[in-house]
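Let me put the structure up, and then we can walk through it together.

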Amino acid sequence: MKVIEIKNLTKIYNGSSVQVTAVDNVDLVIEEGEFTAIVGPSGSGKTTLLNMIGGLDSPTSGEIVVGNTNLATLNSKQLVDFRLHNIGFVFQAYNLIPVLTAGENISFIMEMQGKPKKMIAERTIEILKEVGLADREKSRPNQLSGGQQQRVAVARALASKPKFIIADEPTANLDTKSTENLLDIMEELNRRENITFIFSTHDQRVVNKARRIIVLEDGKIVKDEQKNV
Amino acid sequence: MIWSLSWKNIWRNKKRSFIVISAVTLGVVAGVFTAGLMKGWVDQRVEAAIYTEVSHIKIRNQDYLLNEEIKYTIPDQEKVVAELKNNPDVVAFSNRLKLTAMAASSRGNTALMLVGIDLNDEKKVSNVFEKMVPNAGTFFETDMGNPVVISDRTAEALRIKSYELSAEVLDSLAQSDIPKSVISKLEPIAGKKFITEKLFKKGLNTVLSKSEINKYGGAIRSAATHYRLRSKIVFTFTGTDGEMRYQTLKVCGIYKTTNAMFDQMNAFVLKNDIAPVAGFTSGENHEIGVILKEDVNARHFRDEMKGKFSGLNVMSWQDLAPDASMSSEYMNIYYYIIMGFILFALAFGIINTMLMAILERTKELGMLMAIGMNKKRVFRMIMLETIFLTMVGAIVGMILGYFVILITSHTGLDFSSVGEGFEAMGWSAMVYPEIELQFFIGVTILVIITGILSSIIPARKALSLKPIEAIRTE
């Protein structure tokens with residue numbers, strides 16, 4: 001089943017003197033349950049493509065359809081709401097709220113969704129278990145290692161039960177052990193719960209785990225490879 | 001969780017929040033204290049206006065107001081008295097004779113109003129009997145014939161008041177808090193008699209330093225004050241027949257209120273001692289002072305009485321003491337204007353702090369907006385943070401302000417160094433601040449409004465962030 005369908009997607013940034021085409025006429029379909037890595041050199045358009053898929057940036061032309069929703073038809077208010085209910089985000093710098101505990105960082109997003117308190121409490125514990133941090137529910141981000149913080153960020157992205165999770169360079173700040181640990185968790189979630197992950201990465205370890213690798217160069221897809229697992 | 005998050009956010013930068021909270025605390029303490037001081041002052045003025053000077057209601061002959069002539073007594077007095085007796089709103093009333101007189105002692109003279117009273121009635125209406133200067137006689141509790149109670153000011157004008165640092169006075173000062181070194185400095189002027197306050201002050205200036213006079217001058221002056229009680233004062237006034245009459249009265253007591261003008265103008269005498277001399281034989285009076293129940297509106301009562309007795313001049317305390325009335329009526333507005341100014345000034349600091357907080361959290365706000373926090377929630381979060389920040393300072397400020405008022409309401413605040421000016425206008429130089437719960441509710445509402453208004457600029461700043469750019473901020 002198609003989760004994301006991208007048609008003729010182009011993003012042009014107008015600088016003071018030059019125009020930069022960050023994404024150039026991209027067509028792409030992401031199916032449910034994919035574990036996809038978007039790779040490419042710096043400036044190839046990976047982050048721009050992910051930002052547009054995540055509804056954080058608007059395309060110059062082309063369209064993005066998530067499920068049955070064409071993102072171009074949504075106004076900014078609807079787009080915020082759409083992100084809240086349909087897309088999970090994992091950032092390179094974890095971006096947890098420092099004054100909230102690990103548990104609160106996760107439950108916060110479900111509260112914004114308006115889910116019942118009892119359900120939020122149960123799901124928070126359940127997700128923390130899934131990312132191996134059941135005993136760190138009450139810990140603040142500054143009491144966690146980088147790897148643990150990124151696992152909380154993954155848990156937060158999962159909490160809203162999104163259609164897919166976008167992870168922008170999720171392992172860039174992690175050591176080898178933490179990276180492997182995080183990738184194992186995400187792979188396990190992908191396999192067991194059929195959660196769709198889309199990464200942008202430079203990290204070969206992520207590429208090695210990915211089952212589909214899309215290579216971008218100068219905003220164009222130059223290679224789209226499915227691994228046989 | 002927005003509430004909890006907002007609350008936790010204000011403690012991120014403890015030092016910065018502490019500075020803002022301290023500023024709000026100090027501002028609110030200042031506001032509460034100023035309001036308490038004003039309320040205490042105004043309430044004391046209103047209390048003095050009603051229970052010392054003019055009563056709730058004054059009833060007089062209409063013509064008496066135009067020309068305070070002895071002949072303008074209250075018409076239909078029996079009917080008026082019967083009405084007052086039967087009116088359930090009336091607590092007490094006192095009939096008074098009022099004679100414009102010239103008082104003369106062997107050393108001085110002054111013009112004043114000789115107020116003839118019925119002692120028991122007057123005590124129910126006026127509290128002048130409670131304003132007697134300590135050790136300076138009584139309010140007609142005497143066996144002396146033809147007694148008169150005059151004010152401290154009148155005593156000075158008639159030169160029956162003097163100052164002397166006798167051995168006895170120096171002994172009493174030694175028992176007080178005044179240091180012995182100061183008392184020993186008084187030796188050169190001990191035993192000398194000063195006939196005016198000005199001369200006594202001059203004497204003190206020769207032996208004490210300015211700071212010693214400021215600190216102990218009042219106590220020394222008060223201990224050294226001596227009144228020649230039982231002095232004979234001759235009062236000259238016009239009788240009912242238009243002829244000059246004289247009555248010699250003996251000073252039985254000295255009073256002192258907070259209104260210098262009132263003191264200067266009024267001397268009290270028993271009506272029976274003065275009425276026959278003035279030519280009154282049928283219980284005539286010039287004035288009736290009326291005290292009403294607390295919850296009765298004096299203006300309504302005035303209008304009712306006017307309706308019933310068209311020949312009378314009836315005035316409420318608001319008419320007779322417009323300064324007190326106006327201050328009392330507009331007091332609440334003054335409070336909130338003062339508090340409003342303080343909070344307005346503080347708002348700039350609050351806005352600045354919140355803008356800094358937004359700047360520091362740009363990346364986090366970008367993340368929150370990216371994951372789905374809508375503008376309404378962002379605005380609410382910033383607004384709550386600002387309100388919490390302001391409220392913490394305000395609550396601490398209100399508690400501290402309350403305690404400051406609690407303490408000063410017992411000790412009082414002495415403005416006697418500048419008190420003459422106040423007392424000349426009827427305002428006490430000794431102020432006992434007080435505050436009502438209602439004011440704190442008002443302050444809380446003002447603080448919340450300040451918080452909401454102060455949050456608008458920071459919240460707009462936060463809402464103007466674009467998630468995609470904000471997330472990239474380092």
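Here's something to start with: which strands of chain A does helix H1 of chain A lie across? Keep in mind that this is a predicted model. Helix H1, residues 46–53 of chain A, lies across S1, S2 and S4 of chain A, and it runs at about 60° to S2(A).

Now the sheet itself. In chain A, four strands make an open sheet, ordered S2-S1-S4-S5, with antiparallel pairing. Strand S2 (19–31) and strand S5 (69–70) of chain A are the edge strands, each pairing on one side only. Further in, strand S1 (residues 2–14) and strand S4 (residues 61–66) of chain A are joined by five bridges in the antiparallel sense.

Strand S9 (residues 212–217) and strand S10 (residues 220–226) of chain A pair antiparallel over six bridges, and Arg212(A) sits opposite Gln226(A) in S10(A). Two residues lie between these strands, and Asp218(A) in this hairpin takes a positive phi near 50°.

On to the contact between the chains: 19 residues of chain A are in contact with 18 residues of chain B. On the chain A side, helix H2 (76–86) and helix H3 (102–113) are the elements that give two or more residues. By class, that side has eleven nonpolar, two polar and six charged residues.

Last, chain B. Its domain assignment gives domain 1 (2–48 + 324–472), domain 2 (57–160 + 229–295) and domain 3 (161–227). The C-alpha centres of domain 1 and domain 3 of chain B are 47 Å apart. Thanks, all!

Methods: Residues numbered from 1 in each chain as written. Chains lettered and ligands numbered in written order. Predicted model: local features only at pLDDT ≥ 70, side-chain atom pairs only at ≥ 80, totals over all residues. Contact = placed C-beta atoms within 7 Å. Nonpolar A, V, L, I, M, F, W, Y, C, P; charged D, E, K, R; others polar. Domains from an automatic or database assignment. Pairing = 2+ DSSP bridges. Axes fitted to C-alpha atoms, helices over the stretch in contact; angles between N-to-C directions.
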